[in-house]
Amino acid sequence: MVKAMTLRDVGSALLERGCTILSDKGPHTKWGCPCGAHTAPVPRHGIVSPGVVRSVGKRMACLPEGWLQ
Ligand SMILES: [Zn+2]
C-alpha cells in the first residue's frame, strides 16, 4: 500500500537514486532519472498524495521496484 510522503522525503529519495531536477518552473518540479529516459513531475505540495507517490515510483521505470517506498 502506497502512503503519502512529505515533499522533503520524496526529494531525498529521488536524490539518493541519482535523479536530478530538470525544471523547477510552474506548479511542478520535473525530475529526471539517472538513465535519462524517464521523467516525473512532482507537485510542490508539502505532502505528496499516495496517487502521485505511486505515479512517480512507476514513471522512473529504470529504478528497482519499490525504490520510493
Ligand atoms: Zn530511467
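This is a predicted model: local features need pLDDT of at least 70, side-chain atom pairs count only at pLDDT 80 or more; totals for chains, interfaces and linings use all residues.
The secondary structure of the protein chain comprises two helices and five strands. In sequence order, these elements follow the pattern β-α-β-β-β-β-α. The C-alpha trace extends about 30 × 25 × 15 Å along its principal axes. The radius of gyration is 11 Å. A compact globule of 69 residues would have a value near 11 Å, so the protein chain agrees with that expectation. Buried residues make up 20% of the 69 in the protein chain. Contacts were also examined by sequence separation. Among contacts with a separation of 6 or more, 41% join residues 24 or more positions apart.

Strand β2 spans residues 20–23, and strand β3 spans residues 28–32. The two pair in the antiparallel sense, over three bridges. Thr 20 faces Gly 32 of β3 across this pairing. Four residues lie between the strands of the hairpin. In this hairpin, Gly 26 adopts a positive phi, near 70 degrees.

Helix α2 covers residues 50–59. Its buried residues are three valines: Val 52, Val 53 and Val 56. They lie on the same side of α2, because their arc around the axis covers only 105 degrees. Both helical and strand elements contribute to the cover over these buried residues. Among them are α1 (7–16) and β1 (5–6). Strands β4 (39–43) and β5 (47–48) are also included in the cover.

Notes:
Residues are numbered from 1 along each chain as its sequence is written. A residue is buried if 20 or more other C-beta atoms lie within 10 Å of its own, exposed if 12 or fewer, and partly exposed in between; C-beta atoms are placed from the backbone. The arc is that of the directions from the helix axis to the C-beta atoms. Two residues are in contact if their C-beta atoms, placed from the backbone, lie within 7 Å. Two strands pair if DSSP finds at least two bridges between them. The radius of gyration is taken over C-alpha atoms; the globule rule is 2.2 Å times the number of residues to the power 0.38.
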